[in-house]
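Hello,

Here is the structure we spoke about. My notes on it follow below.

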Amino acid sequence: MDNISSLNYFIPELMLTLTILVLIVYDLFLKKEESNYTAYVAAAGLVFTLVTLLSSYSNVETSLFLGMIAHDPFSFFFKFLFVLTAFFTVVISSTSLEMKGKFHGEFNTFVLLITLGMFLLASAMNLLLVYIAFELVSVTSYIVSGYLKDSKRGSEAALKYVIYGGVSSGIMLYGFSLLYGLTGTLDISEIGRILSQNNSGDLTVLVSFLMILAGFGYKIASVPFHFWAPDVYEGSPTAFTAFLSVGPKAAGFALLIRFLNTAFVSQDNVNMASWGALEQLAWPEIMMWISAITMTLGNLVALKQDNVKRLLAYSSIAHAGYVLMGIVVLTQDGLFAMMFYLSAYYLMNLGAFFVVLNVADRFGSEEIDGYNGLVYKAPFLAVCMGIFMFSLAGIPPTVGFIGKFYLFAALIKGGSAYYPLAIIGALNSVVSLYYYARVLRAMFVRGEAVDSEMPIIKTPVAVIGMLAFPVLLLGLYWAPLSDFAHASLKLLIIH
Amino acid sequence: MQNHLLSALTFIPVLGMFAILFIPRDKTYVIKVVAAVTTGLQLWLAVQMFLVFDRTTTAMQFVEHYSWIPAFNIEYFMGIDGLSAPMVLLTALLSFICIFASWNIDKAVKGYFALFLLLDAGMMGVFVSIDFFLFYIFWEVMLLPMYFLIGIWGGPRREYASIKFFLYTLFGSVLLLLAMLALYFYNEPHTFNMLTLMQTKYDYNFQIWVFLALFIGFAIKVPIFPFHTWLPDAHVEAPTAVSVILAGVLLKMGIYGILRINFPVLPDATLWFAVPLGVLGVINIIYGALCALAQTDLKRLVAYSSISHMGFCLLGMAALTTAGMNGAVLQMFNHGTISAMLFLLVGVIYDRTHIRDVDGFGGLAVRMPIYGGMVALAFFAGLGLPGFSGFISEALTLIGGFGAEHNSSTFRWLTGLAVMGIVLNAAYFLWAYQKIFLGKLNEKWAGLSEISGRELFTVVPLAIITIILGFYPMPILGMMSETMNGIIEMVKSGAITALQ
């Protein structure tokens, strides 16, 4: 589709851009202590974006801007998640004490900028656009993670993030250039076609694949590119940590899935129930190892954490490992399971971090010991956190269990070659329960009953409730979500 | 009501739980009454079920069958047969009694009863589900309230005990989940319907692996040696009513699962595993009894005696004879009532003295004659004295063991060893009784009050059931015998055709 007619399908992105511009100007007219008013503008802009996004939905795959951008149900699924993530983040950050009196205007602008970057990441079909979108997300994230600039941890986080990010995106760029040298094109479906016709250059393909994986692995925080995550998660403002742990991670997965599913598969059975990997490249095996090591390492290190934010950081590394289980089987079932799990993970992880934020605001602690007796001080918050923890551990009746169930189902269905990975995944759930239960134990088992509950701040509690309720509800009846994920399995392939 | 009896049995406690959540937390009496009414209603329904249950068929009864998640062929499928019906009755009975045994809970009353009702719903759901997925959901739902009930209202080492229980059972559950998925995908079209799963012939090696995964999942719950170490800790730390549920209902779920799924679905693996199962049963009997002999903590003693008694179920099942199978399921029911009685009675003395050390008492029969009499009755029932229900079921499992048609000489030996277990059981019960109640009164306890009316109300119904079933076991035995023959038939015929 040519550039002009493509614009009709690009309205959500334009809406986001407009909101960003309005935010920048509006912030200029506000006093510093009023800057959290920008949250209203940002939230309104995101609502409009959501509306235009919903109205732009179409069931067919189209390519926009002469093949630069895919407009397909797959990217719609992720954009939908991104808008909601940004919305909740903007709302909850406006009440966060941690950020009180700081530059909310800039924060909201950056969150929306990252959202725009993620929109492009989920739909980019061209390596150049992939790189630009990738950097848009990364560079903006560096700034926001150092947002608490008077805190030492914040500055350390930002610096680590920049260095890791710079190195890994440099490596990725080198991988792109190898691929370009090999195929002479930047279009990923064209790359896929040329690679599968041409069996030469095995080693180069392998090297470029590994290099590109460095970039993607860094975004989804999989081993061995995960080292930045705990420090950045701990040092960033909690509202942004919540955003970072679901938004850019999901965007990384969207990119990874599209890239592997388009560029690195053999073209014989594109868009079938199961697809084959490139003959010269055993990437499913590589992904299998990465998945197993990521989840095991994330879970084992999480066992030793005493800071809840850090604990959740390692747990989200482990969850990246779980999600990766879906890609190794090379089936639509696996893809479906990944997408289902990502949306489940979105609800429960965002919710868990929001609880951390609220607890830190009200009781001044991010340590597990600070949660002692939370059920007596703030029962609703404790129960919601309990729901999130159970869901993260994958125990019914929560949506986290259903997500894990689909992942295991995809592996078992894939055949006995995948049984070991399924068993590793299952044992990892048991390990993870131990540290989630440490939080539960602090909240429910320890501490003494107090007479009065603490007064609650309405907005964050409402947001947390809005996330906890679907975690339970979708655990009992998840057909709407699974139908949505099923309908979103269509990825654009340009022939 | 008839058509939705099982749903009602399962979800009435959930309604009760929501009702409790809306009652202000300081109205503790109202909360307790709501819990009692809820479980009372459930018990009444269970008794209705008992009265109209058709004892002449192996088919599922009170069936409810709806689609739940069509895309994955997951169904809301409930039904009971002779294997599950006694367990449904037992669950309803013990839940009702336990509400009264929890009457003097004073910490976070609202939370306690809400969680207890959720536990009740989970247990009931496990016994009535025919869809494997639904079964698994209930199986897991039960874990959450149990963790909190031990963790919040438990004894001094409750943190350790509750997380140990949780991790052990979750380990079993994930194996169960994988085995369930393997069965699901083996069938074409894919299904979780247990009745359909039973009709498929599975590859021999596949059967062995799935059997082992399921078996470990269930064995942890029974618990079968060497997966038993969570049980004494959980029992000792749990509050009385939770111990009762744990011993009375939760332990039965492991055996129920093996009989419901492993035996009929995987007949070849069942025959292959019959001797190891029998051996594990005998180890449970002897090892449990020897451990019980070494205990001075009364609750630990009863906990190990549970491990020992569960061994008889395993032996009876492994023999694959009519007597053995009937004995095993009857033993499940009888042990449910007897161990509940034992834990309730231990709770009575612990509430008064706050110790459970058998050596710390002495001559209590003088101060508490009624209590002493009740304990004597419960202990005699526990050691399998003729005239009490436990004797009949243990005798049946032993008869079944002697009569095993496969590996008959091995089973004769095993049964011979199991008889030793009965002697050991008698030893520790009598020895404990002597230390606590007989001899000179320990002056420290001269001021103890007699067992109260409420406490008697929780124990006496169980005692009556134990005695009635000791003389005439047919009300329960009659429910299950057809189904048991059906399961034996399934194992034998299923395996023979597979061997040809």
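How many residues does the contact take from chain A and from chain B? The contact takes 23 from chain A and 24 from chain B, two residues being in contact if their C-beta atoms, placed from the backbone, lie within 7 Å. This is a predicted model, in which local features need pLDDT of at least 70 and side-chain atom pairs count only at pLDDT 80 or more, while totals for chains, interfaces and linings use all residues. Residues are numbered from 1 along each chain as its sequence is written, and chains are lettered from A and ligands numbered from 1 in the order in which they are written.

On the side of chain A that touches chain B, α18(A) gives the largest share, 11 residues. Helices are DSSP runs of H or I, at least four residues, and strands are runs of E, at least two, numbered from the N terminus.

Chain B has 20 helices and two strands. Of its 500 residues, 61% are buried, that is, with 20 or more other C-beta atoms within 10 Å of their own, C-beta atoms being placed from the backbone. The C-alpha atoms of chain B fill a box of roughly 70 × 55 × 40 Å along the principal axes. Among contacts in chain B between residues at least 6 apart in sequence, 80% join residues at least 24 apart.

Within chain B, α3(B) (residues 84–101) meets α11(B) (residues 240–265). Met87(B), Leu90(B) and Leu94(B) are among the α3(B) residues in this contact, and Val244(B), Ile245(B) and Tyr256(B) among those of α11(B).

Regards

Key:
Axes are lines fitted to C-alpha atoms, for helices over the stretch in contact, and angles run from 0 to 180 degrees between N-to-C directions. A residue is buried if 20 or more other C-beta atoms lie within 10 Å of its own, exposed if 12 or fewer, and partly exposed in between; C-beta atoms are placed from the backbone.
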